Amino acid sequence: MRHSTLLVGRVSLLAFLMFAAFTSATAQNTQKKPSIWQQMKDAAKQANQQGQQPSQPQQPGQKPGQKPPKAGQPSQGKGSAINDAGPFKPPAGTKIDETVLAPLQQGAKFQVSPHGVHVATIATDGSRAVVYYDGVERPKFDEIIAQDTNSTIAFSPDGSRFAYCARAGNQYVVMVDGKELVRSSESMGGLINGSVCQLGFTSNSKHVFYFSSVTVTNPSTMTFKRFVWDGKASPPMSGETDFREVAISPDGDHYAYVWNDPRKQKPWMLIVDGKPAAYQGGAPQWTNDSKHLYTQKTAAGSGTELLFDGKPLSHAFQFRVYIPPVGDLVVVAVTGGTNFHPLSFLVVNGKKVPGSDTVERGSIDNVVFSPDGKHYAALCGDLNSHHYVIVDGKRGQEYVSIDKLGFTADSSTVVYKSFVNSKTFVVVGDQEFGAPMGGGGEPVIAPAGNRVASFITVNGNPSLLIDRKLVPLNARGGSDLSFSPDGTHYAYFSIDSGNGHRLVIDGVPQPQSVLSGDYIDLENPGGALKYIFSADSKHVAHFANSPSAPAHGIFLDGKFVPASLEGTNTKLAFSPDGAHLFWIHMYGDQPHRLFVDGKPLVDFYATGNPVPHWWEFTPDGRLSFLAQDDNSLKRISITLSPETSLATMLGGDALASAH
């Protein structure tokens, strides 16, 4: 019995050791599995070191080792329909909804909300003017009044609300969310400084406000203004007060402005939330918690007083108050002296900053804050081209000019571009990286972390400044420098006379990358990068030419995926979750075709001239965009099938999700 127990114990111990060894090996194998980024860089390094020509691009659905189809022969497999201009069926399980938003009408105009792809169309119904909102006809009027030369409809920041002005006979009407808010004959069109009916929504989209003109005949006819908040009008006021003079709190629930009596029988007043304040104060500024007001007023004798909730804080010639969106810092640029001999200094949270005094005629031109609101940088200068930056009380070196002042995303380091002695510098913290005039690029700050990059020419050789080190480019130059959203990776196009433009990722050139002439976004061809990162920072893509054969396609995660030689590609975009890749293919006068992961989804005709906000993803990955047919403007919304993904686009290869 004792031997049997001992044997069982030994067997159990042996099994345990074998299980532990297996578990350890499995864990090590799991830990050692390289990310997609590492796979891309390793493969690219191997090809570059061996001097190999890029391999023949793998056709969608082609198995490893299988020969690609001959020219003219259709490819087989999951991706064979890429850019096929013939009939197609969307991937099984795809849901496509079309909503008619307005009838097409000669001379009609439409505007799109900033979010949600809501559309307001200004058209006519018979002889009357009318607004269609998301396909619903609203009340008819004699005239729909434009806010300015570019817009007629005001949308709330979140896109859920809309407002406009209209005329009915001798009355103006303000419509909000399809309902009448105000109707009055007191003002015709709400004339404001040559513009009409300037409507606005607060930052939280809860409140609507505007100015209206007021005609008063007693004893003579004169025109004044009212400020109207959620339909409640102030007494008539004089002066040139407009939106720039109204301070709305960051939370969107409070407002303040200065009221002047048109009959000059009462002194001017500060109005806060529709009621006169107990003190006089102009130039109102809310604190970032929306609870307090900084104001200013002319002091007795001369100069200006700075007030906090009506209580005097300081007396000087002039004040400029800087308040960050978050944090407790308040920086005030104080100008003392006289009109002829001014000088400035900084006050931070009520205390003067030692050594911040400028010389005569000097000024503090701007103050920027770190993202966390805990640090500041003040740009100072004088008429003799002596410019410098004060960071948290510490004065930097002088330059002839300073530009692009900011902080890294983690708030740890100040960054700017400067010029002096015929040299351009990128300044990162207390370090300078210089180049001859014209040889320094713009500093690029990563969206996360503390990384900074820039192209800089050193001794005539193009170099990359990255992580405070200069690295030779081994090319004629670079372009389109940027970081992934998490700041972990950087990329740019190397400019090489032999290979054209190739994408370089974390310093490693990608052999399968050859930049094509297709724009990521035709609506903004000059301002958009020529490649994109996914929002989760796990993938990268751009429109490409084949590195070894005449074909257009997509460079995705180190691989070239072929597409059609005909037509033009645009609107390359990852879904919000990074699981899918969209683009639009245009076939001349044929309908545009929308693709996802290489699969055709829907054909549509574009709305003509580029329209802002016509294309949008919802957080759950649903895509909505505008299109038109012969009769109507419509919104197309697409819910994707689970049958397609980036992995299926790359021939079924599993994509690593780790960084």
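## Exercises on cores, hairpins and a buried aspartate

In the largest nonpolar core, which has 25 residues, Phe582, Leu594, Trp615 and Phe625 touch the most other members. A nonpolar core here is a set of buried Ala, Val, Leu, Ile, Met, Phe, Trp, Tyr and Cys residues joined through side-chain atoms within 4.5 Å; buried means under 20% relative accessible area, exposed over 50%, and partly exposed in between, with a 1.4 Å probe and protein chains only. The model is predicted, so to speak of local features takes pLDDT of at least 70 and side-chain atom pairs count only at pLDDT 80 or more, while totals for chains, interfaces and linings use all residues. Residues are numbered from 1 along each chain as its sequence is written, and side-chain values use heavy atoms, leaving out hydrogens and water.

**Exercise 1. Trace how strand 35 pairs with strand 34 and with strand 36.**

Step 1. Strand 34 (residues 414-420) runs antiparallel to strand 35, and six bridges join them. Two strands pair if DSSP finds at least two bridges between them.

Step 2. Val420 stands opposite Lys423 of strand 35. The two strands form a hairpin with two residues between them, and Asn421 in the turn has a positive phi of about 50°.

Step 3. On to strand 36 (residues 431-436): six bridges join it to strand 35, again antiparallel. Val428 has Gln431 as its bridge partner in strand 36. This hairpin also has two residues between the strands, and Gly429 takes a positive phi near 65°.

Step 4. Why is strand 35 largely enclosed by the rest of the structure? Because five of the six residues of strand 35 (residues 423-428) are buried.

**Exercise 2. Describe the surroundings of Asp480.**

Step 1. Is Asp480 buried or exposed? With 15% relative accessibility, Asp480 counts as buried.

Step 2. Beyond neighbours within four places in sequence, Asp480 contacts Ala491, Tyr492, Phe493, Ala528, Leu529, Lys530 and Tyr531. A polar atom of the Asp480 side chain lies 3.1 Å from the backbone nitrogen of Lys530.

**Exercise 3. Work out the order and edges of the open sheet with four strands.**

Step 1. The order is 37-38-39-40, with antiparallel pairing.

Step 2. Strand 37 (444-445) and strand 40 (469-472) are the edges, each pairing on one side only.

Step 3. Strand 39 (residues 461-466) pairs with strand 40 over four bridges, and Leu465 has Leu470 of strand 40 as its bridge partner.

**Exercise 4. Step back to the whole protein.**

Step 1. The protein has three helices and 55 strands.

Step 2. Of its 659 residues, 47% are buried.

Terms used: A polar contact is a pair of N or O atoms within 3.5 Å; within protein, one must be able to donate a hydrogen and the other to accept it, and residues adjacent in sequence count only if both atoms are side-chain atoms. Contact means heavy atoms within 4.5 Å.
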